[in-house]
Amino acid sequence: MGKASFLRDRLLPIGTVLVALVAVWYVFVVVLNAPFERDQAARAGGTIGFMELLPKTMAQERPVLPAPHQVFAELWDTTVNKAVTSRRSLVYHAWITLSATLLGFAMGAALGILLAIAIVHNRAMDRSLMPWVIASQTIPILAIAPMIIVVLNAVGISGLMPKALISTYLSFFPVVVGMVKGLRSPEQIQLDLMHTYNASSAQTFWKLRWPASMPYLFTSLKVAIAISLVGAIVGELPTGAVAGLGARLLAGSYYGQTVQIWAALFMAAAVAALLVIVVGFAHSLVLKRMGARA
Amino acid sequence: MTAMSHATAASTVVSAKSLGLTFQTADGPVTALTGVDLSVEKGDFVSFIGPSGCGKTTFLRVIADLERPTSGTITVNGMTPEEARRRRAYGYVFQAAALYPWRTIEKNIALPLEIMGYSKADQKARIERTLDLVNLSGFGKKYPWQLSGGMQQRASIARALAFDADLLLMDEPFGALDEIVRDHLNEQLLKLWAATRKTICFVTHSIPEAVYLSTKIVVMSPRPGRVTDVIESPLPKERPLGIRETPQFLEIAHRVREGLRAGHSYEEHA
């Protein structure tokens, strides 16, 4: 029953959607790439039949929309067939971006938690800090990213750090918002209880506010790690970076290598999914240790 | 210190003189308590009964230093409520069990002990003893959600008993429970009171509960919150549940009901 329901409840619906998406994708491949083939045929002074055109739309070198099998061939070629230290390996580029993502995420989470603690414990901080935190996120990251890179470069910081800082800039926000809510989530009665014990604010924090905020923390960390990756990729775009998923995207668009772009996009999506799964796993592990219902 | 004043300090646990508390709200001042004169002696079981808004919970919160009075004086163990709270003079049982869901029952009972710095070995001994007192032995490793409402409230009583406070403040602890569970817990509470010799202040709005449990019943009425009657119960200390059908019991219950009615008619004329 267990296996059968896994097939019926998980594999079947997800598989159906996947098959449908791939089918739609192939339809668009034919539709979008056909004009180029007709053009080519016209230049050669002839016309092209549909049955002749069909396979050609799926085998172009620089298609408007590459076919799924082209993208996966590229993915296979650049992950399995290349040494991971090679500059042509997508794993190498993914690692460059991932390291900036993880560094930025760690800094963003730490900054977010510290700001939330300050905001919850200090009225003046609550009044003065929160508007700035919100304002920081209204500035488009694409506008501010090049300036961060340039300014940091001018003071001699380059390489991993500027990208990580852009990740930090994006990822601290959901952590602040989530943790302020989480640290304020204990009910009045639970706080009163601490008061009757004459507990210090440090004791109230570690024994009540912090454990009560855990569900909020992990929910915001899931958002934070995904946008950390976005931040790292965006950070690679204006630098003319030579390595990283962002660099692959940029190089691909310069040279019209759509297959390479799509392969990099899929790699980024896979990395993001992996990161969110890891945080989700940590989430359920912590909640389980805190006695949550199975 | 004279022998006289020492004797007073030793036997009077709570002493309030013309105590008043006015909350400042957006709709103007609300008088929650006015002119409350009351003393609670060591070993008393005092019930506070009255309709909602009569200030019975507020009075308990004043004893606990969770609210500050705006007039009059109050002492707890001969100190201000704040000093008494700092010396951990009382255990407080809230309307809801307020157990921390991420802690097991024994860890919940350990919470005040951790905060007050009891040793690990002492914590263990106290957890075992108090779990036994509230008949929850063997449930220490369970999480709160695995227990019924009555068991959760018993665990919260165990938590209040775990440290050495001689005063137990209980704010409608069984208010959310059904009557069958409530009868059972009332009986257990009396046994616990006899076994621990604590002083108990107990807020309720159930007349049978107040009469069954108390050595002293404080009848209160609302708007403004004040004491309308203080009844010293003549019932014996040993009280089987059947005592609630005796004429003596019904007589006290009648007097409580009369006191409550008097408070209400005042309100209707106003």
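Across residues 132-152 of chain A, 81% of the chain is helix and 0% is strand, with the end C-alpha atoms 22 Å apart. Helices here are DSSP runs of H or I with at least four residues, strands are E runs of at least two, and both are numbered from the N terminus. This is a predicted model, so local features need pLDDT of at least 70 and side-chain atom pairs count only at pLDDT 80 or more, while totals for chains, interfaces and linings use all residues. Residues are numbered from 1 along each chain as its sequence is written, and chains are lettered from A and ligands numbered from 1 in the order in which they are written.

Residues 12-32 of chain A come out as 100% helix and 0% strand, and their end C-alpha atoms sit 30 Å apart.

Chain A splits into domain 1 (2-62) and domain 2 (90-289), with bounds that come from an automatic or database domain assignment. Taken over C-alpha atoms, the centres of these two domains of chain A are 37 Å apart.

On to helix packing in chain A. Two packed helices are described by the angle between their axes and the distance between the axes. The axes are lines fitted to C-alpha atoms, for helices over the stretch in contact, and the angles run from 0 to 180 degrees between N-to-C directions. Helix α3 (residues 68-79) of chain A and helix α11 (residues 258-289) of chain A have axes that come within 9 Å and cross at roughly 70°. That puts α3(A) roughly perpendicular to α11(A), given that 65 to 115 degrees counts as roughly perpendicular, under 35 as roughly parallel, over 145 as roughly antiparallel and the rest as oblique. On the α3(A) side, Gln70(A), Val71(A), Glu74(A), Leu75(A) and Thr78(A) meet Val259(A), Gln260(A), Trp262(A), Ala263(A) and Phe266(A) of α11(A); contact means that the C-beta atoms, placed from the backbone, lie within 7 Å. By class, the residues of this contact between α3(A) and α11(A) are 6 nonpolar, 3 polar and 1 charged. Ala, Val, Leu, Ile, Met, Phe, Trp, Tyr, Cys and Pro count as nonpolar, Asp, Glu, Lys and Arg as charged, and the others, Gly among them, as polar.

Another pair in chain A is helix α4 (residues 90-121) and helix α7 (residues 160-183), whose axes come within 5 Å and cross at roughly 35°. Residues in the contact of α4(A) with α7(A) split into 22 nonpolar, 8 polar and 1 charged.

Chain B is assigned domain 1 (3-89 + 165-269) and domain 2 (94-164). The C-alpha centres of these two domains of chain B are 25 Å apart, and their contact takes 16 residues from domain 1 of chain B and 15 residues from domain 2 of chain B. On the domain 1 side, β6 (167-171) and α7 (179-196) of chain B each supply at least two residues, with α7(B) giving the most, at 6 residues. That side of domain 1 of chain B has 10 nonpolar, 3 polar and 3 charged residues.

Within chain B, helix α4 (residues 105-116) and helix α5 (residues 120-133) have axes that come within 10 Å and cross at roughly 125°, which makes α4(B) oblique to α5(B). The contact pairs Glu106(B), Ile109(B), Ala110(B) and Leu113(B) of α4(B) with Gln123(B), Arg126(B), Ile127(B) and Thr130(B) of α5(B).

Between the chains, 19 residues of chain B are in contact with 15 residues of chain A. On the chain B side, α3 (81-86) and α4 are the elements that give two or more residues, and α4(B) gives the most, with 4 residues. That side of chain B divides into 15 nonpolar, 1 polar and 3 charged residues.

Most residues other than glycine have a negative phi, and most peptide bonds are trans. The peptide bond from Arg223(B) to Pro224(B) is cis, with omega near -5°, and Pro224(B) lies in the loop between β8 (216-221) and β9 (226-232) of chain B. Asp65(B), not a glycine, has a positive phi of about 65°, and Asp65(B) is found in the loop between α2 (56-63) and β4 (71-76) of chain B.

Key
Contact = placed C-beta atoms within 7 Å.
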